[in-house]
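Morning, everyone. Please look at the model on the screen, and then we'll walk through it.

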Amino acid sequence: ISKHFTQDYFKECFSLYDRQRKGRIEAQELIIVMRCLGSNPTPSEVQRHLLSHGIDRGGELDFSTFLSIMHRQLQQEAPEEEILEAMRMADKEQKGFILASELRAKLTGLGEKLTDKEVDELLKEAGVGADGRVNCEQFAKAVTRSSAKR
C-alpha cells in the first residue's frame, strides 16, 4: 500500500506533526509519522535513519529529509510485501492455506529471490502441517518477524 502514496499524502501527514509550521518535525516524532503512513520501522531502524542524516534524537528534520528516510524505509520493507503477495497468488481459492512446495517455488523464483535456506527458516517458523500445507496467516507473521530481525 505505502509505495502508492503520493507526495501530497506524505506532506499532509508530515504537516500534522509540524506544529510550529516551520516545515520541520521533531526527530522523536519520526517513528509516529512513519507509522501513520503505513510503514513499520523499529526504533533502532529510525535511529539509524536519523544518524545517516546526522540528526540526533533532540533534533529536527525537514520534509525532504523525511521523504528520503521514508523512501529508504519503504525499500527495506518491500521484500516482505512481495512475499505476502506471492502467497496471496498461490492461495487462489483463498482458503488460508497453501502447499509448502508451491510456496517454496514462488519464493525462490521471485524478483527478490530467497535462498532455499531462507525459505526453510520461514517455513520452520510458520510451521508446515502434516498435509504439507502452510497457514497463510502464520506464514505472514513469520515473514514479519524475520524482517524485523534484519
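First, a term: helices (H or I, at least four residues) and strands (E, at least two) are DSSP runs, numbered from the N terminus. This is a predicted model, where local features need pLDDT of at least 70, side-chain atom pairs count only at pLDDT 80 or more, and totals for chains, interfaces and linings use all residues. Residues are numbered from 1 along each chain as its sequence is written, and side-chain values use heavy atoms, with hydrogens and water left out.

Start at N40. It lies in the loop between α2 (30-36) and α3 (43-52). Contact means heavy atoms within 4.5 Å. Not counting residues up to four places away in sequence, N40 touches R35, E45, Q73 and E77.

Next, E29. It sits in the loop between β1 (24-26) and α2. Is E29 buried or exposed? Buried means under 20% relative accessible area, exposed over 50%, partly exposed in between (1.4 Å probe, protein chains only). E29 has 12% relative accessibility, so it counts as buried.

Now the cores. A nonpolar core is a set of buried Ala, Val, Leu, Ile, Met, Phe, Trp, Tyr and Cys residues joined through side-chain atoms within 4.5 Å. The largest one has 20 residues, and L30, L61 and F66 touch the most other members. α1 (7-16), α2, α3 and α4 (63-90) each supply at least two residues of this core. The largest share, five residues, comes from α4. There is also a second, separate core of 17 residues, including I83, L103, L114 and L123.
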